[in-house]
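This report walks through one protein model.

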Amino acid sequence: MITTLLNHPRHPFLLLFASCFGLLGFGLYLQYYGSYEPCPMCIMQRYAFVVVALIALVAGLHGSGGGTRRGYGLLLMVAALAGGAVAARQSWIQIYPPAVAECGPGLAFMLDSFPLSDALPMIFRGAGDCTERAWTFLGLSIANWSLACFAVITAFGGWVALHRQR
């Protein structure tokens with residue numbers, strides 16, 4: 001049954017789209033209901049998940065096979081590798097925090113120190129501390145889980161790019 005599901009030209013991509021949508025939703029839930037401020041690296045990872053989700057949605061709606069499907073797989077790999085690189089860097093600085101924080105000022109400092117017109121773009125870039133491991137699950141931080149998800153997406157993209165569809 002799983003093989004039949006994965007061999008369909010649309011289903012794996014639509015499942016990936018739904019998974020990325022769920023991950024982004026969980027990130028927004030943690031931000032707005034869990035009061036965890038995302039850092040600039042978290043925001044960059046969110047952008048990577050959005051790019052992966054959009055590629056997966058287009059590929060799922062297109063439902064093509066052959067070379068076009070392989071192209072979608074390669075695009076997924078590139079986007080996931082970019083997001084994974086950011087997640088790996090954040091995981092690294094969480095394990096080995098630098099003496100001086102690399103991620104910029106906190107939200108309260110930005111709102112107190114800058115006019116709102118200057119603070120809004122900074123807020124959109126993220127305000128949290130990239131070295132902080134505020135939320136963990138099974139001992140892994142959000143950055144660690146993000147890295148694992150990007151690794152799975154990269155493997156999926158490679159599988160799509162190399163697998164011959166029947």
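## Terms and basis

Buried means under 20% relative accessible area, exposed means over 50%, and partly exposed lies in between (1.4 Å probe, protein chains only). This is a predicted model: local features need pLDDT of at least 70, side-chain atom pairs count only at pLDDT 80 or more, and totals for chains, interfaces and linings use all residues. Residues are numbered from 1 along each chain as its sequence is written, and side-chain values use heavy atoms, with hydrogens and water left out.

## Leu28, partly exposed

Leu28 sits in helix H2. Its relative accessibility is 40%, so Leu28 counts as partly exposed. Leu28 touches Tyr33 and Arg46, leaving out residues up to four places away in sequence. Contact here means heavy atoms within 4.5 Å. Pro38 is ten residues from Leu28 along the chain, and their C-alpha atoms are separated by 9.2 Å.

## Overall fold

The protein has seven helices and two strands. Both are DSSP runs numbered from the N terminus: helices are H or I with at least four residues, strands are E with at least two. Along the sequence the pattern reads α-α-α-α-α-α-β-β-α.

Of the 166 residues, 37% are buried. Among contacts with a separation of 6 or more, 78% join residues 24 or more positions apart.

## Nonpolar cores

A nonpolar core is a set of buried Ala, Val, Leu, Ile, Met, Phe, Trp, Tyr and Cys residues joined through side-chain atoms within 4.5 Å. The largest one has 20 residues. Those with the most contacts inside it are Phe13, Leu16, Cys20, Val52, Leu76, Phe150 and Ile153. Helices H2 (11–32), H3 (40–62), H4 (67–95) and H7 (142–162) each give two or more residues to this core. H3 gives the most, with seven residues. A second, separate core has five residues, including Cys39, Met41, Cys42 and Val86.

## Phe150, buried

Phe150 belongs to helix H7. With a relative accessible area of 1%, Phe150 is buried. Which residues does Phe150 touch, not counting those up to four places away in sequence? They are Gln45, Ala48, Phe49, Ala80, Gly83, Gly84 and Ala87. The C-alpha atoms of Phe150 and Val52 are separated by 9.4 Å, though the two residues are 98 apart along the chain.

## H2 against H7

The axes of H2 and H7 come within 12 Å and cross at roughly 170°. That makes H2 roughly antiparallel to H7. Axes are lines fitted to C-alpha atoms, for helices over the stretch in contact, and angles run from 0 to 180 degrees between N-to-C directions. Angles under 35 degrees count as roughly parallel, over 145 as roughly antiparallel, 65 to 115 as roughly perpendicular and the rest as oblique.

From H2, the residues in the contact are Pro12, Phe13, Leu16, Cys20, Leu23 and Leu30. They meet Ile142, Cys149, Ile153, Phe156 and Val160 of H7. By class, this contact has eleven nonpolar, no polar and no charged residues. Nonpolar covers Ala, Val, Leu, Ile, Met, Phe, Trp, Tyr, Cys and Pro; charged covers Asp, Glu, Lys and Arg; the others, Gly among them, are polar.

## H3 and its end

H3 has 23 residues. From first C-alpha to last it reaches 33 Å, close to the 33 Å expected at 1.5 Å a residue. Gly63 follows H3, and its phi is positive, near 60°.

How values were computed
The expected span of a helix is 1.5 Å times one less than its number of residues.
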